[in-house]
Amino acid sequence: MAKQQQAIQAIRGMHDILPEQSPYWHWLESHARQVLSAYGYQEIRLPIVEKTDLFKRSIGEVTDIVEKEMYTFEDRNGDSLTLRPEGTAGCLRACLEHGLLHNQSHRLWYYGPMFRHERPQKGRYRQFYQLGVETYGMPGPDIDAEMILLSDRLWRNIGIRNRVELQINSLGTSEERATYRAKLVEYFRQHLAVLDEDSLRRLDSKNPDMQAMLGQAPVLLDHLGEESRQHFQALTDVLDAMHIQYTLNPRLVRGLDYYGKTVFEWVTDALGSQGTICAGGRYDGLIEQLGGKANHAIGFAMGMERILALVEQFDTAVLKPNTDVYMIRVGEQAEKMGLIWSEKLRDALPALIALKPLRIEAEQSTVNFEQLLATLQQYLNNDNL
Ligand code: ATP
Ligand code: MG
């Protein structure tokens, strides 16, 4: 007899989505699709693996993602490939490759797994799902506002709007950041003693010892040029007009190099330190960085696991999977008929889906197919009540 083998388990931080959970995923995905199509967004499907250089060039070498989090490997030809840690770079790569950015604007979305070698904890996984939105060819600020209006609508539609808060900031242009950086470096120079080596290299360290010192540092929002300032003002004007509340967070920087002007995050305090459910911003500069002609781009990505974790915290009766018809077959004859009837019901009533319960009031011995069909038809006509 074969020796009992040890069972192989999934990779740490990579999760199975079990059958009882998939209805929640479908529910969220279909809400997202519906909102996206209402705003005229088209889906783009992208490879999960890209050349490592794509991420090095776009995300930037001195970032957490590229330095520590990428799943990079050599394929059999010796090329360095990477499991995508995010979708923005691949989406732009595809659009440049297929010439989609020549004098056109695009509203696109993609969906799928992303991979980052992080320390797994609740809300932080090594394989996680993002739904990303990217738009090209629009300088804004109205498209910047649309990003926020669209996401705001999705939160309302799935019932989490009162659990999330919008934070916004402007990162200005690269020239403005350069000027600001000089001011900041000067400020840090005067406070060298409290800085560790890593903080010096990045300027966005999350080291708690630095918080107080950072609190006093000059902020970019106060050093924007006129155009960036007006862009940001126009965005906040739309948000005000639409009664969308926001917090101006001058410390909101995003971890990636390629952002400029508008950045935003939707955050919640209900998920501990993994509180950002959606994050994005403008990244005009990335297009040239990846070999395209100067153009405009803004997008965001939401973390599906975190959104579902937020949804699961309150009454989710609306999500509970249910059944329209549950057929109990007793006896040999019934078993045979049950299978046939089930198929005939699927032919006659394609709209019959497993969503809500229905009691069929009939004696097993007297019910016939026509009666059953009539009852179910009536049920569907009554809007499933
Ligand atoms: P964080 O600050 O939480 O590390 P991030 O800035 O690295 O987030 P982005 O690259 O902006 O995240 O990704 C967009 C969204 O994807 C995040 O707001 C979050 O909801 C989700 N996300 C990012 N990393 C993970 C992860 N490891 N596990 C689950 N969701 C994630
Ligand atoms: Mg991160």
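Biologist: Which residue of E4 is the bridge partner of lysine 51?

Modeller: In this predicted model, lysine 51 has leucine 81 as its bridge partner in E4. Residues are numbered from 1 along each chain as its sequence is written, and local features need pLDDT of at least 70. Side-chain values use heavy atoms, without hydrogens and water, and chains are lettered from A in the order in which they are written.

Biologist: What makes E2 and E4 a pair of strands?

Modeller: Pairing requires that DSSP finds at least two bridges between two strands. Three bridges join E2 to E4 (residues 80–83), so the two strands pair under that definition. They run antiparallel. Strands are DSSP runs of E with at least two residues, and helices are runs of H or I with at least four, numbered from the N terminus.

Biologist: Why are E2 and E3 called edge strands?

Modeller: The open sheet has the order E2-E4-E3; strand E2 (49–51) and strand E3 (71–74) each pair on one side only.

Biologist: Why is H2 called roughly perpendicular to H4?

Modeller: The two helices pack at an angle of about 105 degrees. Angles between N-to-C directions run from 0 to 180 degrees, with axes fitted to C-alpha atoms, for helices over the stretch in contact. Roughly perpendicular covers 65 to 115 degrees, so H2 is roughly perpendicular to H4.

Biologist: Which residues of H2 meet H4?

Modeller: Leu54, Phe55 and Ser58 in H2 meet Ala89, Gly90 and Arg93 in H4, where contact means heavy atoms within 4.5 Å.

Terms used:
Predicted model: local features only at pLDDT ≥ 70, side-chain atom pairs only at ≥ 80, totals over all residues. Parallel < 35°, antiparallel > 145°, perpendicular 65-115°, else oblique.
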